[in-house]
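Please read them with the structure open beside you.

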Amino acid sequence: MPRLLDRPLNPRSSASLLALAVFSFAACDKKPSGNSAPVSSAAAPAAQPAEVKAAPGPLKIAFAYVGPVGDAGWTFAHDKARKEAEAEFAGKVKTSFVENVPEAADAERVIRDMVDQGNTLIFGTTFGYMEPMLKVASDHPNVHFEHATGYKTAPNLRTYDSRTYEGAYLAGVVAGAMTKSKTLGVVGSIPIPEVIRNIDSFTLGAQSVTPDVKTKVVWVGKWFDPPKEGEAAQALLDQGADVLMQNTDSSAVLQTAEKAGKFAFGWDSNMVKFGPNAHLASAVINWTPYYKNAIQQALDGSWKTGQTWWGVKDGAIDLVAISDKVPAATKAKIEEIKKGLKDGSFTIWKGSIKDQAGKEVVKDGEKADDKLLLGINFYVKGVEGKLPSSK
Amino acid sequence: MSELLLLLASSIDSGTPLLLAALGLIINERSGVINLGAEGLMLIAAVTGFATALATKNDALALLAGAGAAALFAAFFGFLVIWLNANQYATGLALSLFGSGFSAFVGIRYTQESLAVATQRGIPGLSQLPILGPVLFTHHYLVYVAVLLAVALSWFLFRSKAGLTLRAVGESPESAQALGYPVRSIRLAAVVAGSALVGLAGAFVSVVSTPLWVEGMIAGKGWIALALTTFATWRPARALLGAYLFGGVTMLQLHMQGRGVNLPVELLTALPYLATILVLVLISRNPRWIAANMPTSLGKPFYPGS
Amino acid sequence: MIKLEPRAEPARWLALASPVLALAITVALGVLLFLLLGKDALSCLQMFFVEPIKNARALAELSIKATPLLLIGLGLSLCFRSNVWNIGAEGQFILGSIFATGVALRATPESGTGLVVALLLAGALGGALWASITAVLRDRGNASEILVSLMLVYVAEQLLAYLVNGPWKDPNGYNFPQTITFLSSARIPRLIEGSRANIGVLLALLSAAACALFMHKSYAGYRLDVAGLSPAAARYAGFSSRSALWLPLLVSGALAGLAGALEVAGPDGQLTTHVPLGYGFAAIIVAFVGRLDPLGVTLSSVLMSMFFIGGELSQSRLGLPKSITGVFQGLLLFSLLTCDTFVKNKLRFVSSGSRQAVAK
């Protein structure tokens, strides 16, 4: 029997009762909760920018997060930096955040609400906010927008990112030194350029120590899916990998390695506590230097649009908590590379670099420019497997 | 060769929560109640189990807590569908949706935590055997418990008087009532006991498989378990086969990715689900075969005194 | 001792009051929850019930959320009335957005309104096709439509991922998994300039009216009703059980596909893996709370949208967790189911002395 009742009730009556209930709540209109900026009426022809006059008082800053702040990964790193930046400018700024904001259609509503709430500096921390932020930015020229990992800018919207591939390279150097089976495994999330770049850089780093090392890749299809990440890690271990890397956001890969007595790295944050025996090092993103810089610029009026891509040199990415199991020579090499990255004497993506098919993608002696790296869509030689949806 | 063995071992691990949940659902459905709330129950159990493990550092207690939480919610579900005769499909769906939201809500403060990982223990001595050792004897104890449960349930259903009564209630509750059996109490007992097993499966995922909590981490295993009960034609031994097979397909597609098989990654990821559809169609094609095995009163409300 | 007894006739007044009662219970439990969380209950309620409808822009946002819920909810109520448990509306939504994208990618700046019409029709076609897989497997293979339609959701997700990662990837998009942003000729026309609301809401309301006519005034609708209430009676009357399976599935697939087309060419403007937002599952609740009736579904889709948007606002303004929306929706559904059972049954207090052989 499909129905909840035996006879359909009179829809009109139930409708009116339901409507009555709903609108009786609407009738008790309390004072709006601290809503300052007048909202532009939807009937206005061209978009009327709401004149958000920054009331004398702390600068209001809002952050949009794609995941939960407790993910111990991507969003956690952003939130940590937010807190540190707020502490630095205590009294002069007031930050707030919204977590679990889905990418695409819903994000626009959340970001518009942030503007309505009087925020004049807004950070969107994932690629999928690009189009929504652009739309809102064009309607509010007096609000500053910062978009992480994107590539489109506007006069009041700029992009920023961390050179996570430098951390991946450093991890690769450690992996190359520690692997016995000469097979590495990477649990990939979504095949966007950033992840492919990290897989390639990881492999290049390992090859600088052990030239004939191989990397296997398994794709989970999501940023954060611990059970799937665990299974993917297990599959890689079953195929002979003894050092694992990940571009996903949970500690499941590290835990799986711990269970099996193999090695792995932490990603996004220091994950040593999740797998004390398996943990070799963690590639940690640090957004604090950039956030402090951006807030300072917003406060003193020097904020300008552009594209920023900071790496080890500016403190945006680092390989930390290197285990004592790693030989001293390797640790020294890591320090040397970090120094080289900081003073510009070391370049990771320097030719000759060949792709899987053997074609030379970076000529001998040349350095890959940012454009190549930003749109990267190939595996380097040594990475096994097919890129998703590649021809 | 050794990769194949490792694949088999991982398939068993991957299939165990499916097996436990399917066994629990078989108990439910054998009594005539279809429980579409499996996914929600597993999620509730997963978050409860994880929270308990975090607080008590005792895995066994955590597993029991998860099973208990599922049993509790299932009791409410059972009351609604058995005594109040609410529509079983709708109520089950409601339970799934509610469990999803509720577990996400309760689990917020646990997303950053993690449990200490137990190293593989397995059965000492036997795990040293060549070939069979790594495949069969190096699993978490719950894997073996699941196998034993399948055997025990098989015996219970087909060789014990209580099991016969349960099956009778599922086949024809009116006749069972006429014989003096308390049909509704038996059904409730089946729902609660079966859902406890479903909860055990959920807690296994968050306490043993991946000692983390993230919302939605069951990711459809409850629904797959429902499909498995049909695949198994409500027989525990076949559920065992089906669960390990499904675990196998899941791990196989990951292996195929790692090997660089020339198929789109998305197709490989969809493989387990396509396999489930295929299996469902193959099993259900012969309506007589299904009719011969499916509990006749499955999903239908029972009115005592009618 | 309390006993539950079936009523001779369903209580009409309770049937009318039941959804209101369920909502009241949910709100009451919600207030309790807010207090437990240490928040001001009144401002929380305001987030959910006032903010989403307080001005034109809020109403526009509400319409964007309510349109897909209404469209899919209508289709699902048709299905559930006929005892066809279509759980895979999300997959049909995805296929609708895919087919619509196929048309949208062919747009040129000179394309006229014909393109938008073709886009919407393609969406409906895609959804119906996906639903027909479930229908044929149930029809010919006897396979449970619950499980098949659900598995097809996972398959649809992978199909979407394949398309945006491969053949349909924007060549100038730095290799990110997304299509190009649709040309303005391939976007759903706005209702009012400057607002996000588009004509989708009109299509949804039209569909609701059409469904109401079908269900209450047409012979085919009557046949479906009977088939749902009593398959045996339907067979006896010669009503085709096959059409009682196919019609609801195709219609709900088409409606879900239409919703997908409206979403991808409306607020999204491009195809990415983030286009599906779970409307296919939320619409299940919408259908039930709406009592499987078009007018009820219209109202419940508005209510659900208020829950969604209110949940979002409570998060950003009051720091409430996002998952609270899921809890409320689940609570509402459960309360409704519980209240509904009292329409058919009544409580009776029996003195514990009477211990006859009561059939348990």
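**Notes on the model**

1. B:Lys57 is exposed, with 11 other C-beta atoms within 10 Å. For these notes, a residue is buried if 20 or more other C-beta atoms lie within 10 Å of its own, exposed if 12 or fewer, and partly exposed in between, with C-beta atoms placed from the backbone. You will find B:Lys57 in the loop between helix H2 (38-56) and helix H3 (59-83) of chain B. B:Lys57 and B:Ala116 are 59 residues apart in sequence, yet 8.5 Å apart in space, C-alpha to C-alpha.

2. A word on the ground rules. This is a predicted model, in which local features need pLDDT of at least 70 and side-chain atom pairs count only at pLDDT 80 or more, while totals for chains, interfaces and linings use all residues. Residues are numbered from 1 along each chain as its sequence is written, and chains are lettered from A and ligands numbered from 1 in the order in which they are written.

3. Chain B as a whole has 13 helices and zero strands; helices (H or I, at least four residues) and strands (E, at least two) are DSSP runs, numbered from the N terminus. The radius of gyration of chain B is 19 Å, close to the 19 Å that the globule rule gives for 306 residues, so chain B is as compact as a globular protein of that length. That radius is taken over C-alpha atoms, and the rule is 2.2 Å times the number of residues to the power 0.38. The C-alpha trace of chain B spans about 60 × 45 × 40 Å along its principal axes, and buried residues make up 58% of the chain's 306 residues.

4. Next, the meeting of chains B and C. Here 35 residues of chain C are in contact with 45 residues of chain B, where contact puts the C-beta atoms, placed from the backbone, within 7 Å. H13(C) gives the most to the side of chain C that touches chain B, with 11 residues. By class, that side of chain C has 23 nonpolar, 11 polar and one charged residues. Ala, Val, Leu, Ile, Met, Phe, Trp, Tyr, Cys and Pro count as nonpolar, Asp, Glu, Lys and Arg as charged, and the others, Gly among them, as polar.

5. Within chain C, have a look at helix H7 (residues 200-217) and helix H12 (residues 294-318), which pack at an angle of about 150° with their axes 8 Å apart. That makes H7(C) roughly antiparallel to H12(C), a label for angles over 145 degrees, while under 35 counts as roughly parallel, 65 to 115 as roughly perpendicular and the rest as oblique. The axes are lines fitted to C-alpha atoms, for helices over the stretch in contact, and angles run from 0 to 180 degrees between N-to-C directions. H7(C) brings C:Ala208, C:Cys211, C:Ala212 and C:Met215 to the contact, and H12(C) brings C:Pro294, C:Leu295, C:Val297 and C:Thr298.

6. Finally, two backbone angles to check. Most residues other than glycine have a negative phi. A:Thr149 has a positive phi of about 65° although it is not a glycine, and its place is in the loop between strand S4 (144-148) and strand S5 (157-162) of chain A. With 22 C-beta neighbours inside 10 Å, A:Thr149 counts as buried. Phi of C:Asn83 is also positive, near 65°. C:Asn83 is buried, with 21 other C-beta atoms within 10 Å.

Conventions:
Two residues are in contact if their C-beta atoms, placed from the backbone, lie within 7 Å.
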